[in-house]
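Please keep the sequence and the 3D view at hand.

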There are 2 protein chains.
Amino acid sequence: MSGSKRIYIHEVATRDGFQNEAQFVDTDAKIALIDRLSACGYAKIEITSFTSPKAIPALRDAEAVMHGIARHDRVVYTVLVPNIKGAERALSCGVDEVNLVMSVSESHNRTNLRMNREQSFAQLRDVISVVKQTNVAINVSLSTAMGCPMEGDIAQAEVLDWMQRFADLGVHGVTLCDTTGMAFPSQVGALCAAATKRFSTLDLTLHFHNTRGMALANTLAALDAGIDRFDASLGGLGGCPYAPGATGNVCTEELVHMLELDGYDTRVDLKALLSASALLPSLIGHDVPSQLLKSGQRLDLHAIPCVSSDGLPEQRAFAEKA
Amino acid sequence: MSGSKRIYIHEVATRDGFQNEAQFVDTDAKIALIDRLSACGYAKIEITSFTSPKAIPALRDAEAVMHGIARHDRVVYTVLVPNIKGAERALSCGVDEVNLVMSVSESHNRTNLRMNREQSFAQLRDVISVVKQTNVAINVSLSTAMGCPMEGDIAQAEVLDWMQRFADLGVHGVTLCDTTGMAFPSQVGALCAAATKRFSTLDLTLHFHNTRGMALANTLAALDAGIDRFDASLGGLGGCPYAPGATGNVCTEELVHMLELDGYDTRVDLKALLSASALLPSLIGHDVPSQLLKSGQRLDLHAIPCVSSDGLPEQRAFAEKA
């Protein structure tokens with residue numbers, strides 16, 4: 001659609017999704033999936049995480065995956081990096097970007113990273129100084145930016161302060177993560193408006209989880225505030241390992257489906273995306289949260305009547321005959 | 001929250017939800033559930049459907065349920081009525097409102113109601129003329145108002161024309177139904193803006209399904225266009241019997257959760273709602289789509305860390321220790 005606003009979609013399923021899976025996805029299967037995704041039109045793909053293989057065995061093949069994929073010029077290939085050692089491993093594979101993580105909430109940072117926030121910041125500052133000697137871009141993902149499952153509300157000023165500290169170190173982008181799906185639309189709108197106003201030169205990305213069903217509603221609020229970059233996970237993979245029933249990251253195909261219907265230009269091939277998403281259950285050994293994969297796109301019409309639930313008594317009788 | 005905008009929530013689980021369930025919910029259990037819901041603060045509850053017991057055996061106890069419930073002054077008790085016979089049965093039970101249904105799309109109307117739209121309109125006109133001799137309110141639910149699963153897009157003018165025909169007959173309200181979850185936010189915004197502008201004296205309700213994950217996003221768009229009445233289904237029950245994987249109506253507890261966080265006044269007691277929703281699986285014999293029931297409200301904090309999926313390698317190691 002010419003003239004429509006460009007929205008940048010970042011796929012995180014092979015990192016944020018696979019790291020939560022009990023079943024190891026074979027290296028060849030990861031590479032094949034990423035190669036399919038590279039052809040789908042994403043702006044960015046988060047390939048893997050350069051962390052200790054003992055800590056996240058699901059991603060123990062980070063180097064092999066990075067070396068094995070066929071890279072497309074238009075896709076930024078990013079990886080999660082926790083420390084200097086991870087950064088060196090990532091740089092040796094020629095990544096386009098490193099993605100660093102810490103939490104805005106002290107409790108969550110201690111729980112998740114086993115250090116306090118100042119320790120995390122110092123560690124990430126060291127990583128940034130190493131990576132800045134290269135041409136590799138640097139993004140920082142701020143977890144629990146819209147609520148902490150242990151502390152509750154997070155003050156907007158606190159989020160902006162941490163953004164400022166990283167902006168001052170010269171990072172290229174910051175991702176605001178609704179790590180456990182606590183964000184709600186008016187909060188998202190206010191935070192995004194404040195962030196885009198104050199950090200006009202940073203690439204701002206929003207990272208939503210659908211834990212409480214609000215991921216697409218929050219996306220609308222972020223769009224209204226001028227955000228044009230979104231993380232999303234194929235099939236809706238990801239999420240908290242302690243809430244197995246709750247769905248994970250916002251589902252990429254549902255996000256793209258809504259955005260394209262609303263006239264945005266994601267450059268993502270939704271049909272190709274749905275074909276790729278359909279492969280996930282065989283890779284991970286279970287069904288995925290994606291509803292679009294089950295229902296199809298809104299104009300995938302039915303020849304045989306899909307009988308309404310708003311109907312009259314005859315519907316059941318008819319349905320039984322259909 | 002004083003001064004915040006009032007939003008009217010209409011519960012449809014015991015009609016739109018239960019009619020799709022294979023397992024019969026005992027009459028006493030229906031009455032007990034509705035009595036619980038009556039105390040939750042709803043503006044309206046759609047109790048049942050006065051249709052042929054052969055066609056919808058799940059609701060064959062319509063009279064017994066209507067006579068059995070304890071009615072609250074502040075709740076409007078409505079029922080679905082397909083024809084004169086249904087209307088007479090409903091009126092004999094002292095309902096507050098009858099809800100009539102037809103589809104905006106010809107194909108869907110024929111499929112669902114086994115007659116063409118003009119036949120449906122004539123039949124509903126007869127019902128309206130009978131009910132208008134009483135003090136009972138009349139609402140018309142227009143199915144497939146945002147898309148037909150067989151015909152595809154529905155022109156906005158077509159929807160407005162059908163609204164006009166019923167407005168001319170003196171109905172009190174019209175519900176625009178996204179029967180199979182085909183609506184998207186910009187479409188909803190445009191339709192609602194046009195409808196509220198043209199029918200300022202009608203009570204307008206929006207009825208969303210979450211088939212493609214957009215129900216809450218569509219709700220935001222409707223709110224922005226001035227809509228203040230929404231149908232919703234406890235636990236997210238309902239939906240098309242031909243797409244068992246797809247979720248059903250927008251989930252009441254998720255709708256109320258979002259609206260209250262955004263500062264709207266629903267008057268609904270969310271805790272009581274979640275307690276009621278938790279009873280559903282035992283009544284219908286299977287899990288419900290509600291994610292909020294699994295995750296809890298956003299400020300239901302965790303003493304034991306709910307480890308982020310945005311985290312570093314240590315999260316798994318820590319998680320295993322936690």
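Contact here means heavy atoms within 4.5 Å. The model is predicted. Among contacts in chain A between residues at least 6 apart in sequence, 74% join residues at least 24 apart.

**Chain A overall**

Chain A has 14 helices and eight strands. Its radius of gyration is 20 Å, close to the 20 Å that the globule rule gives for 322 residues, so chain A is as compact as a globular protein of that length. Along the principal axes, the C-alpha atoms of chain A fill a box of roughly 70 × 45 × 45 Å. Of the 322 residues in chain A, 63% are buried. The accessible surface of chain A is about 11,200 Å². Carbon and sulfur atoms account for 49% of that surface.

**Strand 3 of chain A**

How many of the five residues of strand 3 of chain A are buried? Four are, and the strand (residues 76-80) is mostly covered. Strand 3 of chain A pairs in the parallel sense with strand 2 of chain A. It also runs parallel to strand 4 of chain A.

| Strand pair | Sense | Bridges | One bridge pair |
|---|---|---|---|
| Strand 2 (residues 44-49) and strand 3, chain A | parallel | four | A:Ser49 and A:Leu80 |
| Strand 3 and strand 4 (residues 97-103), chain A | parallel | three | A:Val79 and A:Val98 |

Strand 2, helix 3 (residues 62-68) and strand 3 of chain A make a right-handed β-α-β unit. Strand 3, helix 4 (residues 84-92) and strand 4 of chain A make a right-handed β-α-β unit.

**The barrel of chain B**

Eight strands of chain B form a closed barrel with parallel pairing, in the order 1-2-3-4-5-6-7-8. The twist averages 25° from one strand to the next. Helix 2 (residues 27-38) of chain B packs on the sheet. Helix 2 of chain B touches strand 1 (8-11), strand 2 (44-49) and strand 3 of chain B. The direction of helix 2 makes about 165° with that of strand 2 of chain B.

**Helix 5 of chain B**

Why is helix 5 (residues 106-113) of chain B largely enclosed by the rest of the structure? Six of its eight residues are buried, so the helix is largely enclosed. The buried residues are B:Glu106, B:His108, B:Asn109, B:Thr111, B:Asn112 and B:Leu113. B:Arg114 follows helix 5 of chain B and has a positive phi, near 55°.

Definitions and conventions. Residues numbered from 1 in each chain as written. Chains lettered and ligands numbered in written order. Predicted model: local features only at pLDDT ≥ 70, side-chain atom pairs only at ≥ 80, totals over all residues. Heavy atoms only, no water. Pairing = 2+ DSSP bridges. Helix = DSSP H or I, 4+ residues; strand = E, 2+ residues; numbered from the N terminus. Axes fitted to C-alpha atoms, helices over the stretch in contact; angles between N-to-C directions. Buried < 20%, exposed > 50% of the residue type's maximum accessible area, 1.4 Å probe, protein only. Right-handed = clockwise from strand over helix to strand, strands pointing away. Rg over C-alpha atoms; globule rule 2.2 N^0.38 Å. Areas by Shrake-Rupley, 256 points an atom, 1.4 Å probe, with all protein chains shown as cover.
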